[in-house]
Amino acid sequence: MDRPEIPLAQLYAFVVLAEELHFGHAAARLGIAQPPLSQQIRRLEDKVGHALFSREPGRIALTPAGRELLPAARHALAGLADGLAAAREAGSGRAGSLRIGFAASLALTVLPGLLRTFRERFPAVRLDIQEMTTTPQLAALRERTIDVGLLREPPADDAELDFATVLTEPFVAVLPSAHPLARQRTVRVEQLADCPFVLLPRAVGPPLYDRIAGLCATAGFAPRVVQHAVEWQTVCALVETGLGVSLAPESVRRIRLKGVAYRGIQPGAPRTRVAVAWRGDDRNPLVSRLLEVLGPGAESGP
């Protein structure tokens, strides 16, 4: 396709004159004198190679070439106007697209309210929501395939990424409802020492896995893991079958399975951290808008 080397001023002058069909009126609308308008139309006609207007005393009209050009000229100008408006909206963080990774368990806590509030404030923004565990989120952020991550137990230090706490929540014991410990209101972690465990693989979230293993170590044992599952919903379903027990964030209580009991744990009140993650050098204004929705703690960084 040949590149059309036509100044926008000429194209706009043509459209205005086609609408007014009067050089004086068109010049006044454009805020220029008639001679410069005539020059712009002549230059455009030279580019086209044909007259765009027939000129008779006291009257001008579009030629067949002019009638053919007019819709395309209007479309081009409208497309440019729309593009400029979209660029301004995106530049100000009111439009564009934002890619968000999230840990599945956060669909039970922070995610629904966050998305609802963000959509209310920024309805023109397109959200691409991708479910993934912590380790894939960190990789996707570094590879720039997502813009923001919502994850559990972020790494203590990362040169490329920034983190801010969104919330913390306690751990609970996840038990088959027929398990003897399910009759208690709370469970001491050491009471789980002889139980088989169902846990997420360490590879999908090393800090969270290590926190759970650390709770067990403090209680004097290492968890005997008999089955791994990538999502907490699957962990709970496997616990329901009697395959084992688990320690999980309290939000899993919302996974309502008839054969599963959730019990608080002792001693103390260990909590897991939910954080938002983003690239420190990211200049996408929509990232800042999301942090604003999450609150002052997220805006201020780690």
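## A buried threonine

At 12% relative accessibility, T133 counts as buried (buried means under 20% relative accessible area, exposed over 50%, and partly exposed in between, with a 1.4 Å probe and protein chains only). This is a predicted model, where local features need pLDDT of at least 70, side-chain atom pairs count only at pLDDT 80 or more, and totals for chains, interfaces and linings use all residues. Residues are numbered from 1 along each chain as its sequence is written, and side-chain values use heavy atoms, with hydrogens and water left out.

You'll find T133 in the loop between β4 (125–131) and α6 (134–142). Helices (H or I, at least four residues) and strands (E, at least two) are DSSP runs, numbered from the N terminus. Setting aside residues up to four places away in sequence, T133 touches V204, V230 and E231 (contact means heavy atoms within 4.5 Å).

## The cavity

On a 1 Å grid over the protein atoms alone, a cavity is a set of points where a 1.4 Å probe fits but cannot get out, and its lining residues have an atom within 4 Å of a point. Grid points are joined across faces, edges and corners, and a volume is the space filled by probe spheres set on the points.

The structure holds one cavity of 30 Å³ or more, and the largest cavity has a volume of about 200 Å³. Of its 17 lining residues, the closest to the centre are T133, L200, V204, L208 and W232. Helix α7 (residues 206–218) gives the most to this lining, with three residues. Sorted by class, the lining has eleven nonpolar, four polar and two charged residues (Ala, Val, Leu, Ile, Met, Phe, Trp, Tyr, Cys and Pro count as nonpolar, Asp, Glu, Lys and Arg as charged, and the others, Gly among them, as polar).

## A leucine in another loop

Now look at L192, in the loop between β7 (186–188) and β8 (196–199). L192 is buried, with a relative accessible area of 0%. Leaving out neighbours within four places in sequence, L192 is in contact with A173, L175, L181, V187, F197, F221, V245 and L247.

## Helix α3

In α3, the buried residues are L37, Q40, I41, L44 and E45. Seen down the axis of α3, they fall within an arc of 135 degrees, so they line one face of the helix (the arc is that of the directions from the helix axis to the C-beta atoms). After α3 comes G49, whose phi is positive, near 90 degrees.

Notes
On a 1 Å grid over the protein atoms alone, a cavity is a set of points where a 1.4 Å probe fits but cannot get out, and a pocket is an open set with protein on both sides within 12 Å along at least five of seven lines; lining residues have an atom within 4 Å of a point.
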